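Please keep the sequence and the coordinates open while reading.

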Amino acid sequence: SKGRIIDIVQNRLLSHLKSYFFSYTKGARDNVRTICIDMYSPYIELIRSCFPNAEIITDRFHVIQLISRSLNRTRIKVMKEHPKMQNKLKKYWKLILKSNDDLDTENHRRFKCFNYHMTEAQVVSELLRIDSELESTYWYYQEFLRNFRKRNIERCKELIHNPNKDLSETMLTTIKTFKEQEKYIVNSMRYSYSNG
């Protein structure tokens, strides 16, 4: 349909969705080749029963959103554990989530909470020194996202199956979800489709 809206379902209840999709003929449902969804696991069983030939694709936005939230929750946990560093970690949360490749490494300027001129990269480096778990979690996040955006499937699989043991609990929980939905996350790198 080239991006044209065909229909909008009235609600997201699984019973309603199943009834709605089974109103289409088996032939029509068998012809569906790909379905792009968020990471809501009940939808997977729904798709398998309604569209047996469809490849499930996890929407890339939701992969990035989940891993970003995990790093952010790790930062908040560290803020609570290190009250003296709370202002710095709170003020520069966006730099922690920013791609390390995009951090400014040349322009020194004044950053509130720091006593001397620094680059963005130096600020992040200082923040990571606060806590080793935050540092490990940050670098895992950076490497996964870099490879995910480059669609480096093999490296992403390695990162999912062999995470550093020093990661935060929230990141380890995210990795467990990635492992459970690995096939669909891999599909998001193989296909160009997204919910956008």
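Does Tyr40 count as buried, partly exposed or exposed? At 41% relative accessibility, Tyr40 counts as partly exposed, where buried means under 20% relative accessible area, exposed over 50% and partly exposed in between, with a 1.4 Å probe and protein chains only. Tyr40 lies in the loop between β1 (34–37) and α3 (42–50), and its C-alpha atom is separated by 9.5 Å from that of Thr58, 18 residues along the chain from Tyr40. Helices (H or I, at least four residues) and strands (E, at least two) are DSSP runs, numbered from the N terminus.

This is a predicted model, in which local features need pLDDT of at least 70 and side-chain atom pairs count only at pLDDT 80 or more, while totals for chains, interfaces and linings use all residues. Residues are numbered from 1 along each chain as its sequence is written, and side-chain values use heavy atoms, with hydrogens and water left out.

The aromatic side chains come next. The structure holds 11 aromatic pairs, a pair being two rings of Phe, Tyr or Trp (its six-membered ring) with centres within 6.5 Å, stacked if the planes are under 30 degrees apart, edge-to-face if over 60 and tilted for the rest. Tyr92 and Phe111 form an edge-to-face pair, with 5.6 Å centre to centre and 75 degrees between the planes. Because Tyr92 lies in the loop between α5 (86–91) and α6 (93–97) and Phe111 in the loop between α6 and α7 (120–128), this pair ties together parts that are 19 residues apart in sequence; both Tyr92 and Phe111 are buried. The rings of Phe144 and Phe178, by contrast, have their planes at 25 degrees and their centres 5.1 Å apart, so that pair is stacked. Since Phe144 belongs to helix α8 (residues 132–149) and Phe178 to helix α10, the pair ties together parts 34 residues apart in sequence, and both Phe144 and Phe178 are buried. Elsewhere, Tyr20, Phe21, Tyr24 and Phe51 form one aromatic cluster.

Helix α4 (residues 60–81) and helix α10 (residues 169–180) pack at an angle of about 160 degrees, with their axes 8 Å apart, the axes being lines fitted to C-alpha atoms over the stretch in contact and the angles running from 0 to 180 degrees between N-to-C directions. α4 and α10 are therefore roughly antiparallel to each other, a term for angles over 145 degrees. The contact (heavy atoms within 4.5 Å) is made by residues including Leu66 and Ile67 of α4 and Met171 and Phe178 of α10.

Conventions
Parallel < 35°, antiparallel > 145°, perpendicular 65-115°, else oblique.
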